[in-house]
Each structure stands twice: as structure tokens, then as C-alpha cells.
Amino acid sequence: MDAFLLLGAGPWDIAPLIPIVQEAGGTFSDLSGQYRTDTGAALFSRPGLHQRLLDIAGAAD
């Protein structure tokens, strides 16, 4: 999987996934690109794709 977007999640849903994805070489952030678990949204992806997906999410606002 290249990317996974989790919406409407609590910190308890997001936090356990972060080390799993990072250990596999992936990247995590909320939709603003920050390392936060309290925004209800999480973007997990491979590093080369992450910023492009954040740009797309920002353009949709």
C-alpha cells in the first residue's frame, strides 16, 4: 500500500499505527503536515508520496 488516509479517528486509533508504519519505512502526519495525533486525521504513506498527498489535501480546502 502506498498511502492510507484515516479520518475521524481519535489519538488512540492513530498512535499505535505510527511506529508500525515508521518501522516499515513509511511517513506519518496530520493533513497539515504536523506530527499530531489529536486532529482526527492521519496520513500514512511512503516518503516520496507524502508531500504530494498533503498538497492535494491542502488544495481541496
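Let me begin with the pairing of S1 and strand S3 (residues 41-45), which run antiparallel and are joined by 5 bridges; two strands count as paired if DSSP finds at least two bridges between them, and strands themselves are DSSP runs (E, at least two residues), while helices are runs of H or I with at least four residues, both numbered from the N terminus. Please keep in mind that this is a predicted model, in which local features need pLDDT of at least 70 and side-chain atom pairs count only at pLDDT 80 or more, whereas totals for chains, interfaces and linings use all residues. Residues are numbered from 1 along each chain as its sequence is written, and side-chain values use heavy atoms, with hydrogens and water left out.

The whole sheet is open, with 3 strands in the order S1-S3-S2 and antiparallel pairing. S1 and strand S2 (27-29) stand at the edges, each with a single partner strand, so one side of each has no neighbour in the sheet.

Within S1 (residues 3-7) we find leucine 7, which stands opposite alanine 41 in S3. Leucine 7 is exposed, with a relative accessible area of 56%, where exposed means over 50%, buried under 20%, and partly exposed in between (1.4 Å probe, protein chains only).

Turning to charges, the side chains of aspartate 2 and arginine 46 meet in a salt bridge at 3.2 Å, N to O, the term meaning a side-chain nitrogen of Lys or Arg within 4 Å of a carboxyl oxygen of Asp or Glu. This pair links distant parts of the chain, 44 residues apart, with aspartate 2 in the segment before S1 and arginine 46 in the loop between S3 and H3.
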